Amino acid sequence: MVKVHYFFDPMCGWCYGASSLVGVLADMAEFEIIYHPGGMIPKRAIDPSFRQHILQADTQIANMTKAHFGDAYKARVAGADDFIVDSYSTTRAFLVGQEMGIEAHVMLAAIQKAHYQDSKHLDELKVLADLAVSMGLDKATWNEKMAQSEANMLSQVQESHDVMGQLQVGGYPTFILEKEDSLTRLPHSNYYGKTEAWKNYLAELV
């Protein structure tokens, strides 16, 4: 089985745009995805000036990748109320979801949809618990594991940063193929919105 190292953040718009590419990879039995969460944004309210940048970037992402950004999300980014983004709580949820039996790409896609389409307040642990329950997970077990998840999350984020430094990874998303001790950066941006072409490209790499 060929490994693909995926450097990402749940709150990264371009990673949301790449979610269909991740789905294709996950469905191909020849590949194993190694997820490297980056911890891009510790919990904070986004400045109004930067929100305009986000909206402009999201429009570009939607045009290139065909990812859908929900009206509720766009209204929240453009609105007057606080817009709080938290990579840490969502990364904890991503890891706990896997621990409780949800496939990594499924958990990540659910978090991304909750943010970018449904405009859920994912900085709130209660909202993440509701998401977990909607995926069939036990709420009490979820809350217990989430309460114990911070140290593991911080460790994984630090490990990701260390590997990013070694491999000179400068941003998210980045896909790096590991095959027979050789590392190859995949040109994923060439395949935004072209999942069938991406699948064919990947098949040639095995």
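## Helix packing, sheet and aromatic pairs

Ser89, Arg92, Ala93, Val96, Gly97 and Glu99 of helix H5 meet Trp142, Lys145, Met146 and Ala147 of helix H8. Contact means heavy atoms within 4.5 Å. Helices (H or I, at least four residues) and strands (E, at least two) are DSSP runs, numbered from the N terminus. This is a predicted model: local features need pLDDT of at least 70, side-chain atom pairs count only at pLDDT 80 or more, and totals for chains, interfaces and linings use all residues. Residues are numbered from 1 along each chain as its sequence is written, and side-chain values use heavy atoms, with hydrogens and water left out.

The axes of H5 (residues 87–99) and H8 (residues 139–147) come within 10 Å and cross at roughly 125°. Axes are lines fitted to C-alpha atoms, for helices over the stretch in contact, and angles run from 0 to 180 degrees between N-to-C directions. H5 and H8 are therefore oblique to each other (under 35 degrees is roughly parallel, over 145 roughly antiparallel, 65 to 115 roughly perpendicular, the rest oblique).

Four strands make an open sheet in the order S2-S1-S5-S6, with mixed pairing. S2 and S6 stand at the edges with a single partner strand each, so one side of each lacks a neighbour in the sheet. The twist averages 25° from one strand to the next. Strands pair if DSSP finds at least two bridges between them. Two of the pairings are tabulated here.

S5 and S6 form a hairpin with two residues between them. Glutamate 180, in the turn, has a positive phi of about 50°.

The whole structure holds 17 aromatic pairs. Phenylalanine 8 and tyrosine 35 form one, edge-to-face, at 5.9 Å centre to centre and 85° between the planes. Phenylalanine 8 lies in S1 and tyrosine 35 in S2, so the pair ties together parts 27 residues apart in sequence. Rings of Phe, Tyr and Trp (its six-membered ring) pair if their centres lie within 6.5 Å; planes under 30 degrees apart are stacked, over 60 edge-to-face, the rest tilted. Both phenylalanine 8 and tyrosine 35 are buried (under 20% relative accessible area; exposed is over 50%, partly exposed in between; 1.4 Å probe, protein chains only). Ring pairs link a cluster that includes Tyr6, Phe8, Tyr35 and Phe94.

Serine 119 sits in the loop between helix H6 and helix H7. Serine 119 is buried too, at 10% relative accessible area.
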